[in-house]
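I have it open in a viewer and would like to know what to look at next.

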Amino acid sequence: MPFDNTSARAEVAVPEEVSILDRMARLLARPEDWCQGELIRTSETGNVSRCLYGALFQVDHGSSRPIGYRGYGSQIFQNEAAQRVSEILTSLVPMTGNPFPICDFNNADTTTHADILALLARAKAKALETV
């Protein structure tokens, strides 16, 4: 209660998009957690890596292989916030004419793991602009 000498912490509403981006960043935190050319890859040692899009689907669906997976073109987000994250990421990468420029950015020969983490940070900043 106000003014009753209890220590109350102000709760700040964080957009769900920020939470999704934070979870994606955790999934892609190390270079070996990120891959190019595949939604998900499991190494011989059992390490699982994901592309940027694969991380988004894992956060949205709880798995990197959503039900009905048939390739990028058939992906459907379960959560509207995940769709907005996809739109934010798309707005921050070069447009290629491909309906999935996020994939083109992820898979470009010049893209590095650091570029992926920087993109997620820019997307988080853009999502926070809506607060």
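Accessible areas here come from the Shrake-Rupley method with a 1.4 Å probe. On that basis, the protein chain of this predicted model exposes about 7800 Å², and carbon and sulfur atoms supply 54% of that area.

**Whole chain**

Start with the cartoon of the protein chain, coloured by secondary structure. There are 5 helices and 2 strands to find. Followed from the N terminus, the order of elements is α-β-β-α-α-α-α. Now colour by burial: of the 131 residues in the protein chain, 37% are buried. If you draw contacts between residues at least 6 apart in sequence, 55% of them join residues at least 24 apart.

**The nonpolar core**

Next, show the side chains of I20, L21, M24, L52, Y53, L89 and L120. These residues have the most contacts inside the largest nonpolar core, a set of 29 residues. At least two residues of this core come from each of helix 1, helix 2 (52-61), helix 3 (80-92), helix 4 (101-107) and helix 5 (113-128). Which helix gives the most to this core? Helix 2 does, with 6 residues.

**Helix 1**

Select residues 16-27, which form helix 1. The end C-alpha atoms of this 12-residue helix are 17 Å apart, which agrees with the 16 Å it should span at 1.5 Å a residue. Within helix 1, colour E17, V18, I20, L21 and M24, which are buried. Look along the axis: these residues are on the same side of helix 1, because they cover an arc of only 160 degrees around it. Their packing partners are helix 2, helix 3 and helix 5.

Centre on I20 and leave out its neighbours within four places in sequence; its contacts are then L56, V59, A81, A82 and V85. Then move to E17. Is E17 buried or exposed? Its relative accessible area is 9%, and buried means under 20%, so E17 counts as buried. Not counting residues up to four places away in sequence, E17 touches A81, R84, V85 and A127.

Select Y53 and F57 and show their rings. A pair of aromatic rings is described by the distance of the centres and the angle of the planes. The structure holds 1 aromatic pair, formed by Y53 and F57: the centres are 4.9 Å apart, the planes are at 85 degrees, and the arrangement is edge-to-face. Both residues lie in helix 2, 4 residues apart, about one turn of the helix. Y53 and F57 are both buried.

**Helix 5**

Finish with residues 113-128, which make up helix 5. From first C-alpha to last, its 16 residues reach 23 Å, close to the 22 Å expected at 1.5 Å a residue. Colour H113, I116, L119, L120, A123 and A127, which are buried in helix 5. Turn the view to look down the axis: the buried residues of helix 5 fall within an arc of 120 degrees, so they line one face of the helix. An α-helix has 3.6 residues a turn, so residues three or four places apart point the same way. To see what covers the buried residues of helix 5, bring back other elements, including helix 1, helix 2, helix 3 and helix 4.

Terms used: Residues are numbered from 1 along each chain as its sequence is written. This is a predicted model: local features need pLDDT of at least 70, side-chain atom pairs count only at pLDDT 80 or more; totals for chains, interfaces and linings use all residues. Side-chain values use heavy atoms; hydrogens and water are left out. Buried means under 20% relative accessible area, exposed over 50%, partly exposed in between (1.4 Å probe, protein chains only). Contact means heavy atoms within 4.5 Å. A nonpolar core is a set of buried Ala, Val, Leu, Ile, Met, Phe, Trp, Tyr and Cys residues joined through side-chain atoms within 4.5 Å. The expected span of a helix is 1.5 Å times one less than its number of residues. The arc is that of the directions from the helix axis to the C-beta atoms. Rings of Phe, Tyr and Trp (its six-membered ring) pair if their centres lie within 6.5 Å; planes under 30 degrees apart count as stacked, over 60 as edge-to-face and the rest as tilted.
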